[in-house]
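Subject: Structure for your review

Dear colleague,

Please find the structure below, together with its sequence. A written account of the findings comes after it.

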Amino acid sequence: MPFLLARLVRRLGLQTWGLPLLLIATVFLTSWPLMAWAEPPENTITAAENYWWWFLVTASTVGYGDFFPTTLGGHLVGVYVIVGGIATLTIIFTRIATMIENAKGRRMKGRIDLDMSDHLVILGYTPGRTERLVQELTGDGTESIALCAWEDLPQHPMPEHPGVGFVRGDLADEAVLRRAGLHRAARILVDARDDNEALTLTVAVVHVNPDAHVVVTLRDLGRARNFSYVDDDVRCVQWHSPRLATEELQDPGIAAVYAELMTHGGRNTYSARLPAGLAGKGFGRVQEAMGRRFGATVLAVQHGRALLDPGWETPLPADAVLFYVGARRLSVEEIAGCCSA
């Protein structure tokens, strides 16, 4: 009977959670009068206050034994209840397993809504490059990342990263962006396939979340002014320098510092060989003297092939090269004079 009922419901297309309920209810309502007919009146198993309990523990195959049938007919009814219970549980467990598998499949295909807040959203996927970006960002402490890709990427490219969610679709569509939680994101990286696409996505991003810190990678930085028309706070960095993109996401404003250093007419980076008379002097003393006298900032020291980041008291080796930021290039004599004064 349970199997026949299950096949009938399946043929009728009633593949819902109502199927196990219908099945167990049918077994209960048909087994009770059968048990009452098969068992003698003195067996209290068929009493209303007892039968539901006996049915529950028997259908679930627990079988406490506090109530039990005593006749052959009652035993057959018990078998009927056990089979109905097993069939019902099988349907339930199959449905649960299917739901879990479907949820996993939808996650891998980027079809679920991500439950993230104050996270980072990456718009665009480039094989190898995006993995490197994610590795650098997670290494710097970023825990939650929503990766959004176009439809041509069939499934999650980085399922081994539990903190990286995946959304697939039209990245200029507000509904897709909201599935990635972009409206709740703190930082957004637009890493598009070309600069025209980057501009389109930036318009959509600023519309959905005007308060987030938006970084855009461009092949041609000369087009950065077009993005200022969308929002003055959008930061544009060179596409070929992914490390600069991650630094700007982690430390907003650092791209502007780099841009200033690389702009002719501003404060630029220079190098100078350490004057012979300063060999052995502490790095801190040289750095302080150049800062006080010329407003220069020493960034690093190179000796041989090694690039050093010396401590304040570390003596500078002979033939070292100083790398510094300043308003102009300093001569060896100027450096020697400011440090010996």
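The notes below go through the findings by topic.

This is a predicted model, in which local features need pLDDT of at least 70 and side-chain atom pairs count only at pLDDT 80 or more, while totals for chains, interfaces and linings use all residues. Residues are numbered from 1 along each chain as its sequence is written, and side-chain values use heavy atoms, with hydrogens and water left out.

Aromatic rings

The structure holds 9 aromatic pairs. Rings of Phe, Tyr and Trp (its six-membered ring) are paired if their centres lie within 6.5 Å; planes under 30 degrees apart count as stacked, over 60 as edge-to-face and the rest as tilted. One of the pairs is Phe 28 with Trp 32, which is tilted, at 5.7 Å centre to centre and 55° between the planes. Both residues belong to helix H2 (residues 18-38), where Phe 28 and Trp 32 are 4 residues apart, about one turn of the helix. Helices (H or I, at least four residues) and strands (E, at least two) are DSSP runs, numbered from the N terminus.

Trp 32 also forms a stacked pair with Tyr 51, at 5.4 Å centre to centre and 5° between the planes. Because Trp 32 lies in helix H2 and Tyr 51 in helix H3 (residues 48-59), this pair ties together parts that are 19 residues apart in sequence. Trp 32 counts as partly exposed, at 28% relative accessibility, whereas Tyr 51 is buried, with a relative accessible area of 0%. Here, buried means under 20% relative accessible area, exposed over 50%, and partly exposed in between (1.4 Å probe, protein chains only). Ring pairs link Phe 28, Trp 32, Tyr 51, Trp 54 and Phe 55 into a cluster.

Asp 66 is placed in the loop between H3 and helix H4 (72-108) and is partly exposed, with a relative accessible area of 42%.

Another ring, that of Trp 239, has Arg 129 over its face, at 4.0 Å from the ring centre. Arg 219 also lies over the face of Trp 239, at 4.1 Å from the ring centre. A charge sits over a ring if NZ of Lys or CZ of Arg is within 6 Å of the ring centre and within 35 degrees of the ring normal.

Cysteines

How many disulfides does the structure hold? There are 0 disulfides, the term being used for a pair of cysteine sulfur atoms within 2.5 Å. The sulfur of Cys 148 has its closest cysteine sulfur in Cys 236, 19 Å away, which is too far for a bond. Cys 148 is buried, with a relative accessible area of 0%, and Cys 236 also counts as buried, at 19% relative accessibility.

Strands and sheets

Strand E1 (residues 120-123) points Leu 120 and Ile 122 one way and Val 121 and Leu 123 the other way, and all are buried. E1 runs parallel to strand E2 (residues 145-149), joined by 4 bridges; two strands pair if DSSP finds at least two bridges between them. Within this pairing, Ile 122 stands opposite Leu 147 in E2.

Strand E5 (residues 213-218) has 6 of its 6 residues buried, so it is largely enclosed by the rest of the structure. His 213, Val 215 and Thr 217 are on one side of E5, and Val 214, Val 216 and Leu 218 are on the other. E5 runs parallel to strand E4 (residues 187-190), with 4 bridges between them, and Ile 188 stands opposite Val 214 in E5.

An open sheet of 4 strands has the order E7-E10-E8-E9, with antiparallel pairing. Its edge strands, E7 (268-273) and E9 (306-308), each pair on one side only. Strand E8 (residues 297-303) and E9 are joined in the antiparallel sense over 3 bridges, and His 303 stands opposite Ala 306 in E9.

Glu 247

Glu 247 lies in helix H9 (residues 242-250) and is buried, with a relative accessible area of 18%. Leaving aside neighbours within four places in sequence, Glu 247 is in contact (heavy atoms within 4.5 Å) with Ile 254 and Tyr 258.

Yours sincerely
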